[in-house]
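Thanks for coming. I have one structure to go through today, and I will keep to what can be read from its atoms.

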Amino acid sequence: MIIAPSLLAANLGRLAREVERLNASGADWLHWDIMDGHFVPNISFGPAAVRAMRPLTKLFFDVHLMCSKPEILLEPFAQAGANQIYVHVELGEAVTPLLWKIKSLGRKVGLVVNPPTSIAMAQPYLGRIDSLLVMTVNPGFGGQSFIYETLPKIQQAYAWRREKGLAYHIGVDGGVDFKTAAECAHAGADTFISGTALFSRPSLAAAVKKMRKIVETARVNVCRAGASTGIHREPASAPRLC
Ligand code: DX5
Ligand code: ZN
């Protein structure tokens, strides 16, 4: 299970201190929300911020491009230190060349699906991605409420992965707290991006530990249920979750 704090919720006035907290937190990835003020009505970080933080941490940089023209940003973020780069499936025909470009830059490939978008839009790309991110809020801001109607999309992504013998991570992003993280794990998620619920805690390390325990327990419960009913049997290639 991957726990990924979202830097958007960090105290940006004390970024150096937040990096120390992150390095001591036990988190697996650091999630960067990149907003261009066009694809979403907000602006956040650029490649310079990623480059500045890269030498300060060994964390895997998980870079979420909420941008209308990601093609101009892929190389700058890859060179700045991104390990994985996501683009949105809502970009339509541009998606295929974008996924190839990310791969050609030697980075992990991520695809994001917004709440109003059918998960079926992602199906043509499943064999070419390392991570599928199901947005559980409408993108653009942290601190929003979890949209429960997105849970069946996680289950569908999980079923496709099993049926097709694929190995992509299934991530959730937006309004992920200790309660909704458990529901997402139950639905089949294995990557939990969380901003407010983790960074708002006095101890980031304790919050990461608590969320990891919650999702691992939820997963074990699902697997036990699956074992008795034969659901959740995974192909050998998929991340070992059961
Ligand atoms: C929203 C972003 C999320 C957000 C998560 O557009 O993609 O990563 O920062 O923050 P919380 O967990 O506060 O909803
Ligand atoms: Zn995000």
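I will start with the metal site, then take the ligand beside it, and end with some helices and a loop.

First, the conventions. This is a predicted model, in which local features need pLDDT of at least 70, side-chain atom pairs count only at pLDDT 80 or more, and totals for chains, interfaces and linings use all residues. Residues are numbered from 1 along each chain as its sequence is written, chains are lettered from A and ligands numbered from 1 in the order in which they are written, and side-chain values use heavy atoms, with hydrogens and water left out.

Now the metal. What coordinates the zinc ion, ligand 2? H31 through NE2, D33 through OD, H64 through ND1 and D173 through OD, at 2.0 to 2.3 Å. A donor here is an N, O or S atom within 2.8 Å of the metal, or 3.2 Å for Na, K and Ca; water is not among the atoms, so sites may look incomplete. Along the sequence, the spacing of these donor residues is H-x1-D-x30-H-x108-D. D33 sits in strand β2, residues 29-35, and D173 in strand β7, residues 169-173, so the two tie together parts that are 140 residues apart in sequence. Helices (H or I, at least four residues) and strands (E, at least two) are DSSP runs, numbered from the N terminus.

The six donor atoms around the zinc ion subtend angles of 70 to 166°, which makes the arrangement octahedral. For six donors that word requires opposite donors over 155 degrees apart and all others between 65 and 115. Ideal angles for six octahedral donors are 90 or 180 degrees.

Are these two aspartates buried or exposed? D33 is buried, at 5% relative accessible area, and D173 is buried too, at 7%. Buried means under 20% relative accessible area, exposed over 50%, and partly exposed in between, with a 1.4 Å probe and protein chains only.

Next, ligand 1. It is surrounded by 20 residues, the closest being D33, G140, D173, G195 and T196; the cut-off is a heavy atom within 4 Å. Oxygen atoms of ligand 1 lie 2.8 Å from a polar backbone atom of G140 and 2.8 Å from one of G175. The side chain of H64, a zinc donor, has an N or O atom 3.3 Å from an oxygen of ligand 1. On its own the ligand has 380 Å² of accessible area, and the protein covers 99% of that. Areas come from the Shrake-Rupley method with a 1.4 Å probe; for residues, only the protein chains shown count as cover.

On to the helices. Helix α6 covers residues 178-187, with F178, T180, A181, C184, A185 and A187 buried. After α6 comes G188, with a positive phi near 125°.

E216, in helix α8, residues 204-229, is partly exposed at 37%. Its C-alpha atom is 7.8 Å from that of A185, 31 residues away along the chain.

Last, the loop between α1 and β2, where S25 lies. S25 is buried, at 5% relative accessibility. A polar atom of its side chain lies 2.6 Å from the backbone oxygen of L22, and one lies 3.0 Å from the backbone nitrogen of A27. L22 belongs to helix α1, residues 15-23, and is buried at 3%.

Notes:
Four donors count as tetrahedral if all angles lie between 85 and 135 degrees; four count as square planar and six as octahedral if opposite donors are over 155 degrees apart and all others between 65 and 115; anything else is irregular. A polar contact is a pair of N or O atoms within 3.5 Å; within protein, one must be able to donate a hydrogen and the other to accept it, and residues adjacent in sequence count only if both atoms are side-chain atoms.
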